[in-house]
Every structure is written in structure tokens, then in C-alpha cells.
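Please open the structure in your viewer and keep the selection panel at hand. The tour below moves from one selection to the next and says what is there.

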Amino acid sequence: MMHLTKNFVVFLFVSFFCNSTHAQDSTYIKDYSNKLLLRVYTITKFNSLSIENKAQDLELILLPNGNTNLGLGFNYKKIGLGIAFGLPPSDENQRKYGKTQRLDLQGSMYNRKIGADGFFQAYKGYYNSNPEDFVDWTSDFFPQIGNMKILSAGVIGFYLFNAHKYSYRAAFVRDEIQTKSAGSFLLGVFGNYDEATTDNGFVPSEFPDEVSKGFNIKAFSNVALGVSVGYAYNLVVKDKFVLGAAVIPGFGYQHVSTRNLENKVESNDQPAAQILNRLALGYEHRLFFINLTGSLNYRTIDLKPYDFNLSTGQLRFIIGKRFN
């Protein structure tokens, strides 16, 4: 692991050095990073888990109580910062979906030729969103697991091969503007850590014992490392709209540990797979800009008879303006 990390640091250093010696094509990209960019935004973040029992064709979908945050931020000379504050949920919302405590940090770094996305999430309190698949559920609230915790941390770094014509920042930061459609292949590495724990299993107490027997597990953890190869593209329409998309699948190695309801621990080494999807839709007005962005980091663990599918993501709506 240390050898891989060292090589990646060298890779980033060399990429950053090369970035300073290779100019962007001004007919494809306009650079406004020397202007102060102020933005107001809303952001919704999430960390979800689904557990599939493939032998019995059953799936538990476990979600946190979602919340929306209001934020303010700025960018200037490739440096940016945003601070968001969560809106308090109503009593009715908590009755229906339960109470979720969370610490959710998600950040990014996009230079001309290199980029990185990282996250750290600590959630407690989940609900099951598909109870009708297991019981005749008629209540207006969802079954809840208040003691369920998920801790997730990860980073993906990548190199852009066509940075002189394609701008990642034009779609996802907006301190640059893509004036002609262009795309780029990406190559990088990723690392993730996920841990999910409960007191009495991932099945809500309202479900019959037969369901719990189909999901005989109360905790699991996972460490994954691998290589990512993907593609990103910005489609420019009438010089006002930009549709940006990036798909970055990754493959590598992971170590998984599980604990069942009888507290028996098992470990397993297996191939790792994940995919990072990013999407942006932007509109450029002469006085301001509007941007809608979304990201989803999807990771899967195959441990027969179960599949664990973890999702980390966010949805952001931005109104911004650039100042000289």
C-alpha cells in the first residue's frame, strides 16, 4: 500500500509540473479563474446501503433521513471554499423516516491535468425503504434501525489526457468556460474504506424472524485499492449551455470482514469494483450562471450469498456570479 501511495504522489507531482508547461487551447476553453466567483447553493448528500440475498432473491434497501443544506462559497485563482448549513427536519419528517446523525465531508481538487475527489462520512440512523417486499406494510412511516452506523472514507485521483481542449472545471466548478465540445480519457487510482455496524442486524425489528434468517449479518468492513480508467465529455450548445459528464470505473483488490448474528467473524480477499459518475448541466448568462451537478460513487462487495452495494453522492444546485 505504501509503495502504491508513493508512486501516486510522484505521479501527481509530475502531472502538476507538466501542467504548467502545456497551455490550454483558448478556442476551446476560456479561463476566468483570475476573477472572484461567488456562489449560493443548495446541496443534498447521502450514504446508502443495499444488501441482496441472491439465493433467496431478497434485497434490503437502507437509507438515511435525507436533508438539504444551504451554502455560500467562492473560488479565486484555482482555490475554492464552501460552507453549508443543514436545515432542521420537521417532527413529522423524523417520525416517518427516523433520526439520522451525520458528519459528511466531501471535497475535490481539479487542476488543469489532474483531479481528485474525496469523502468522509459518518452516519447513524437508517430506515428501510422497501418494507412491502417483506411484509404487508400499511403504516405511513418506514421501519427504522436507529443504532445502524456507516463510516465511509475514500479518494479517487485521476489524470486528464486532453486537458488542452477539455476542461473538467468548466462543468463542475465554472471558473472556466468550455466554448467548443470536447472530451478526455482519464487514468488514476482509488482507495476506499467502508464499515457498517448494527446491534441486532440490518433487518428492522418489525419484520418476522424468517427475514432475519435470510440476512444473518450484523456488521461488515471493507478496504479497497485499485486503478481507474474513464472518460469525461463536455457538450456545448449555443454557447450558453454545457452538459458535462464523467464516468470513471475502477478495478482492484479489497479485503472484507463480516460478523454474523452469532458474532462469528469471517474474512475474504476478492476483486474490487467501483464506479464514479458525475453529471453537470450549466447555463451561462451575461450577468450570472446556473449549474446543477450530481455525483455518485457506487461500490460493491460480493460475499456469497450476499451483495453489499454502497453509494456515496451529492446533488448541488448553484447560482453564481464572477467579479473582476
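## A tour of the charged pairs

Begin by selecting Asp117, which has a relative accessible area of 11% in this predicted model and is therefore buried, the cut-off being under 20%. Arg278 belongs to strand S13 (residues 265–284) and Asp117 to strand S7 (residues 114–128), so the pair ties together parts that are 161 residues apart in sequence.

Is Arg174 buried or exposed? Arg174 counts as buried, at 3% relative accessibility, and Glu284 is buried as well, at 12%.

Next, select Lys54, Asp302, Lys304 and Asp307, four residues that a network of salt bridges links. Within this group, look at Asp302 and Lys304, whose closest N and O atoms are 4.0 Å apart in their salt bridge. Asp302 is partly exposed, with a relative accessible area of 34%, whereas Lys304 counts as exposed, at 69% relative accessibility.

Now colour every Lys, Arg, Asp and Glu by charge: the chain has 33 positive and 28 negative side chains, and the centres of the two sets lie 15 Å apart.

Finally, zoom out and switch to a cartoon view, where the secondary structure of the chain comes to 4 helices and 15 strands. The radius of gyration is 22 Å, close to the 20 Å that the globule rule gives for 324 residues, so the chain is as compact as a globular protein of that length. Along the principal axes, the C-alpha atoms fill a box of roughly 65 × 45 × 30 Å. Of the contacts between residues at least 6 apart in sequence, 72% join residues at least 24 apart. With a surface display turned on, the chain exposes about 16300 Å², of which carbon and sulfur atoms supply 61%, while buried residues make up 45% of the 324 residues.

Definitions and conventions:
Residues numbered from 1 in each chain as written. Predicted model: local features only at pLDDT ≥ 70, side-chain atom pairs only at ≥ 80, totals over all residues. Heavy atoms only, no water. Helix = DSSP H or I, 4+ residues; strand = E, 2+ residues; numbered from the N terminus. Rg over C-alpha atoms; globule rule 2.2 N^0.38 Å. Buried < 20%, exposed > 50% of the residue type's maximum accessible area, 1.4 Å probe, protein only. Contact = heavy atoms within 4.5 Å. Areas by Shrake-Rupley, 256 points an atom, 1.4 Å probe, with all protein chains shown as cover. Lys, Arg positive; Asp, Glu negative; His and termini not counted. Charge placed at Lys NZ, Arg CZ, Asp CG, Glu CD. Salt bridge = Lys/Arg side-chain N within 4 Å of Asp/Glu carboxyl O.
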